[in-house]
Amino acid sequence: ALAMPGAYGHDRTSPESLPVIPDPFRLVVRQIRTDRGMVTDIAAAKQLKIIDDVFSRCDSIIVATDAGREGELIFRYIYEYLGYTKPFRRLWISSLTDEAIRTGMANLRDGREYDSLHAAADCRAKADWLVGMNASRALACVSGTSNSSIGRVQTPTLAMVCSRFRENRDFVSVPYWQLHVTLSWDGRLCRFFHKDDFREKTQADAAFSRIVPGAAGRITKAECRRSDRQPPLLYDLTALQKDCNVHHDMTAEKTLTVAQSLYEKKLISYPRTGSRYIPHDVMRTVPELLQKVCTMPEFHTYGATFDLSVLNNRSVNDTKVTDHHALIVTGVTPSGISGDERAVYLMIAGRMLEAFSPLCVTETHLIEAEICGMPFRSKSSSVVIPGWRAVFGEQETGGDEEAASLPPLQEGESLPISNVELLEKQTKPKPLHTESSLLAAMENAGKELEDAELKASLKDAGIGTPATRAAIIETLFKRGYMERCKKSLVPTEKGLALNSVVKTMRIADVAMTGEWEKELARIERGELSDDTFRKEIEAYTKEITSELLSCDKLFARKDSGCKCPKCGTGSMQFYGKVVRCDNAECGLPVFRLKSNRTLTDDEIKDLLTDGHTKLLKGFKSKQGKGFDAIVAFDGDYNTTFVFPERKNKATSTRRRK
């Protein structure tokens, strides 16, 4: 891995030492964080020694790392670190069938043909190091906290969470009205909806009053359309993480951990994949795999009717397979696995059955009617041939409320009115992000960009990779930028404060990743030198470092005059939106913003000296309701609300004589 700043003599962070721009960069054996700081990973050092021993005994090397940018970088870093100059050839395969391996071994290419791919990977790694390390250290200098970080993927992801939170919090619900009319046909009731929702009560009342007793509705349109619904594609890691979050309430990190365990037990293919397709050589193994899946108790009923001789080929495309093909089971019978492992295994096995199953055929019925001179409609959908939907017994959803099954109405028919309803409803905000929706937002980032080239550079990629998105989300939790509230992701005051500082900077914009990807693709094609790209990144590193260090208005330090209540040795310093202990080993943070109310200097001082404030007014709950409370420290020096007991009103009693 690239060495940390300490390897260049920058153990302590100060504004004067920034930015750190190594020349040249150094490689070190992978390190892990411990209580003693960063230390060498013993397992990595042991493995590297094994590789060194093998390299020393051979005349040439065959590189069989992943067929992609990161796979190339792994080999080149090892090769460079160990100091070898022996010739090497490249095995370029995306599947591990015998056929693919034999074909790849018969077509080995000179390793130097992939120099431009290595250059692009090396540039990306060093660019992320330069921007991430320097921006994070600059942020630490001005905010007074070491548990802060900022990065090309992390910061736009936080911005997505903050933006959705603010949009949800600031949403003002407004009423609207729906007009429903129930028509009677041969003893059956059919519910129709006015084509438009009414935004004004007067308009809704006027429409309602037009429905006169004894009136009838005339059918003006009656159509039935059949649609073929293609099965979903096979899982890549992100799609699996989204579905596991929705159906099993698993975090992205938990899903990855479980999938990795299944892979190590040889039950599924490599999980860190960004492709939802398999190549044709893997497809030849699929019928045998599906036959085994069909014998599982969960899929036995569906498997009894499944025709293995006619499989859907939608998920088969050699050109769309990246470093690794889509997730599939291996055919090894699972035994002795945990409940979580079985749940994820069933998701992958079931998705395989769905992906290769026949189409689902649905019928959509649309009926339009004229009632008292106004247009109404009713719509319903039904499954005619379940196809792939029968794997998990999914039901077709859609259509108007209470209109699941419409009778065979004909154009021109007249039906008497049975009932009229005017319902008042309220507009709703977009829900807060869940891990599933945040993963989707990361995957689809860039679709809103106006620049066609930048948009194209992020197509089918988004920000982050399937292998890193879970770690990015977990980093936002570890840094205290957001927290879970049931299944929703809510930014903390610290996260909102950081976002308010950087939201106008390029580092918080997904467009920057688009710009990088466009340039890296040019390096891969040999159209741009890595030196040119590196100079651009060094210039931007200086820019973002300077931007953050100049945030004095938001992060100016002022002594509170209070000792730290936690460690007793540090002094609490005001940094705009946060008050923090200046003892580096403590760093206790106290955020000013509490439930839409900012604590004053005096209120903060009361909290620091007495452990609690006076009774304060003006707080607002997430539902927008006002409340009064005391802000106090709990046993771990986190702030919490204390609500005073209500005094019972004195009541007079009269003794009976």
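Modeller: Helices (H or I, at least four residues) and strands (E, at least two) are DSSP runs, numbered from the N terminus. The model is predicted, so local features need pLDDT of at least 70 and side-chain atom pairs count only at pLDDT 80 or more, while totals for chains, interfaces and linings use all residues. Residues are numbered from 1 along each chain as its sequence is written, and side-chain values use heavy atoms, with hydrogens and water left out.

Colleague: How many Å does helix α2 reach from its first C-alpha to its last?

Modeller: Helix α2 covers residues 69–82, which gives 14 residues. The expected span is 1.5 Å times one less than the number of residues. For α2 the expected value is 20 Å, and the helix comes close to it, reaching 20 Å.

Colleague: Against which elements do the buried residues of α2 pack?

Modeller: Buried means under 20% relative accessible area (1.4 Å probe, protein chains only). Among the buried residues of α2 are Leu73, Phe75 and Tyr79. The buried residues of this helix pack against α1, β3, β4, α4 and α17.

Colleague: Which residue just after α2 takes a positive phi?

Modeller: Helix α2 ends at residue 82. Just after α2, a positive phi of about 75° is taken by Gly83.

Colleague: In β22, which residue is the bridge partner of Ala632?

Modeller: Two strands pair if DSSP finds at least two bridges between them. Strand β21 (residues 626–633) pairs with β22 in the antiparallel sense, over four bridges. In β22, the partner of Ala632 is Thr640.

Notes: Buried < 20%, exposed > 50% of the residue type's maximum accessible area, 1.4 Å probe, protein only. Contact = heavy atoms within 4.5 Å.
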